[in-house]
Amino acid sequence: QVQLAESGGGLVQTGGSLRLSCTASGTIFSINVMGWYRQAPGRERELVATISDGGITNYADFVKGRFTISRDGTKNTTYLQMNSLKPEDTSVYLCHARIKRLSYIPYMPYWGKGALVTVSS
(Lines give C-alpha, C1' and ligand atoms only; values in the text may rest on other atoms or scores of the structure.)
Protein backbone atom coordinates (compact mmCIF):
# COMPACT_ATOMS: atom_id res chain seq x y z
CA GLN A 1 0.00 0.00 0.00
CA VAL A 2 0.92 3.65 -0.33
CA GLN A 3 0.41 6.35 2.26
CA LEU A 4 0.86 10.11 2.16
CA ALA A 5 1.56 11.78 5.49
CA GLU A 6 1.40 15.55 5.95
CA SER A 7 3.01 17.54 8.73
CA GLY A 8 3.66 21.16 9.61
CA GLY A 9 0.18 22.59 10.00
CA GLY A 10 -0.78 24.82 12.90
CA LEU A 11 -1.88 28.24 14.06
CA VAL A 12 -0.17 31.37 12.79
CA GLN A 13 -0.92 35.08 12.79
CA THR A 14 -1.68 37.09 9.67
CA GLY A 15 1.53 37.73 7.78
CA GLY A 16 3.26 34.73 9.29
CA SER A 17 4.75 31.65 7.66
CA LEU A 18 4.36 27.90 7.82
CA ARG A 19 6.00 25.03 5.99
CA LEU A 20 4.04 21.89 5.17
CA SER A 21 5.68 18.58 4.36
CA CYS A 22 4.24 15.48 2.76
CA THR A 23 6.05 12.16 2.48
CA ALA A 24 4.90 9.20 0.43
CA SER A 25 5.71 5.77 1.81
CA GLY A 26 5.05 2.16 0.94
CA THR A 27 5.58 0.29 -2.30
CA ILE A 28 6.54 3.01 -4.77
CA PHE A 29 8.09 2.58 -8.20
CA SER A 30 7.83 6.21 -9.25
CA ILE A 31 5.94 9.43 -8.58
CA ASN A 32 5.18 11.94 -11.30
CA VAL A 33 3.08 14.82 -9.96
CA MET A 34 2.93 15.85 -6.31
CA GLY A 35 0.84 18.70 -5.07
CA TRP A 36 -1.27 20.44 -2.50
CA TYR A 37 -4.98 21.15 -2.43
CA ARG A 38 -7.05 22.78 0.27
CA GLN A 39 -10.59 22.52 1.47
CA ALA A 40 -12.26 24.87 3.92
CA PRO A 41 -15.57 24.00 5.66
CA GLY A 42 -18.48 24.40 3.29
CA ARG A 43 -16.24 24.99 0.31
CA GLU A 44 -15.04 22.86 -2.57
CA ARG A 45 -11.56 21.45 -2.69
CA GLU A 46 -9.24 23.71 -4.66
CA LEU A 47 -5.80 23.29 -6.13
CA VAL A 48 -3.01 25.22 -4.41
CA ALA A 49 0.16 24.09 -6.19
CA THR A 50 1.67 21.16 -8.03
CA ILE A 51 5.16 20.08 -9.03
CA SER A 52 6.12 17.51 -11.63
CA ASP A 53 8.96 15.02 -11.41
CA GLY A 54 10.82 17.36 -13.73
CA GLY A 55 10.37 20.29 -11.37
CA ILE A 56 7.70 22.14 -13.33
CA THR A 57 5.46 24.03 -10.93
CA ASN A 58 1.92 25.29 -11.15
CA TYR A 59 0.22 27.66 -8.70
CA ALA A 60 -3.27 28.90 -8.08
CA ASP A 61 -3.51 32.65 -8.67
CA PHE A 62 -4.40 33.29 -5.04
CA VAL A 63 -1.03 31.96 -3.78
CA LYS A 64 1.34 33.19 -6.48
CA GLY A 65 4.18 35.15 -4.97
CA ARG A 66 3.40 33.90 -1.46
CA PHE A 67 3.65 30.08 -1.57
CA THR A 68 6.47 27.95 -2.95
CA ILE A 69 6.25 24.25 -3.69
CA SER A 70 9.36 22.09 -3.82
CA ARG A 71 10.23 18.44 -3.90
CA ASP A 72 12.92 16.03 -2.78
CA GLY A 73 12.76 13.01 -5.05
CA THR A 74 15.19 11.03 -2.92
CA LYS A 75 12.79 11.26 0.00
CA ASN A 76 9.48 11.07 -1.91
CA THR A 77 8.63 14.32 -0.18
CA THR A 78 7.06 17.57 -1.25
CA TYR A 79 7.09 20.82 0.69
CA LEU A 80 4.85 23.87 0.66
CA GLN A 81 6.42 27.03 2.03
CA MET A 82 3.64 29.45 2.86
CA ASN A 83 4.52 33.09 3.49
CA SER A 84 2.43 36.22 4.03
CA LEU A 85 -0.44 34.10 5.24
CA LYS A 86 -3.93 35.58 5.30
CA PRO A 87 -7.03 34.58 7.28
CA GLU A 88 -8.59 33.35 4.03
CA ASP A 89 -5.78 30.78 3.76
CA THR A 90 -7.30 28.99 6.75
CA SER A 91 -8.12 25.51 5.53
CA VAL A 92 -7.23 21.83 5.62
CA TYR A 93 -4.33 21.32 3.25
CA LEU A 94 -4.25 17.94 1.52
CA CYS A 95 -1.28 16.35 -0.15
CA HIS A 96 -1.83 14.62 -3.48
CA ALA A 97 0.44 12.47 -5.60
CA ARG A 98 0.19 10.32 -8.68
CA ILE A 99 2.14 7.16 -7.93
CA LYS A 100 3.10 4.09 -9.85
CA ARG A 101 3.48 1.27 -7.34
CA LEU A 102 5.02 -1.19 -9.77
CA SER A 103 6.47 -0.75 -13.24
CA TYR A 104 3.50 -2.39 -14.95
CA ILE A 105 0.78 -0.60 -12.95
CA PRO A 106 -0.54 2.77 -14.16
CA TYR A 107 -0.12 5.93 -12.15
CA MET A 108 -2.88 6.22 -9.55
CA PRO A 109 -3.96 9.20 -7.41
CA TYR A 110 -3.33 9.14 -3.69
CA TRP A 111 -4.35 11.59 -0.98
CA GLY A 112 -3.11 12.39 2.50
CA LYS A 113 -5.47 12.94 5.42
CA GLY A 114 -4.77 16.65 5.57
CA ALA A 115 -3.06 19.23 7.76
CA LEU A 116 -5.04 22.05 9.36
CA VAL A 117 -3.70 25.55 8.83
CA THR A 118 -5.34 28.33 10.82
CA VAL A 119 -4.44 31.97 10.24
CA SER A 120 -5.65 34.36 12.90
CA SER A 121 -6.44 38.00 12.14
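Q: What is the relative accessible area of S84, and which class does that give?
A: Buried means under 20% relative accessible area, exposed over 50%, and partly exposed in between (1.4 Å probe, protein chains only). S84 has 41%, so this residue counts as partly exposed.

Q: What kind of model is this?
A: Residues are numbered from 1 along each chain as its sequence is written, and side-chain values use heavy atoms, without hydrogens and water. Local features need pLDDT of at least 70 and side-chain atom pairs pLDDT 80 or more, while totals for chains, interfaces and linings use all residues, since the model is predicted.

Q: Where is S84, and what is its phi?
A: S84 lies in the loop between β8 and β9. This residue is not a glycine, yet its phi is positive, at about 50°.

Q: Where does N76 sit?
A: N76 is another residue other than glycine with a positive phi, near 50°. Its relative accessible area is 24%, so N76 is partly exposed. Its place is the loop between β7 and β8.

Q: Which residues have the most contacts inside the largest nonpolar core?
A: Such a core is a set of buried Ala, Val, Leu, Ile, Met, Phe, Trp, Tyr and Cys residues joined through side-chain atoms within 4.5 Å. The largest one has 29 residues.

Q: Is H96 buried or exposed?
A: H96 belongs to strand β9. Not counting residues up to four places away in sequence, H96 touches L4, V33, M34, G35, Y37, P109, Y110 and W111; contact means heavy atoms within 4.5 Å. With a relative accessible area of 10%, H96 is buried.

Q: What is the radius of gyration of the chain?
A: This value is taken over C-alpha atoms, and the globule rule is 2.2 Å times the number of residues to the power 0.38. For 121 residues, a compact globule would come near 14 Å, which agrees with the chain's own 14 Å.

Q: What share of contacts between residues at least 6 apart joins residues at least 24 apart in sequence?
A: Of the 121 residues, 41% count as buried. Among contacts between residues at least 6 apart in sequence, the share joining residues at least 24 apart is 56%.

Note on methods. Helix = DSSP H or I, 4+ residues; strand = E, 2+ residues; numbered from the N terminus.
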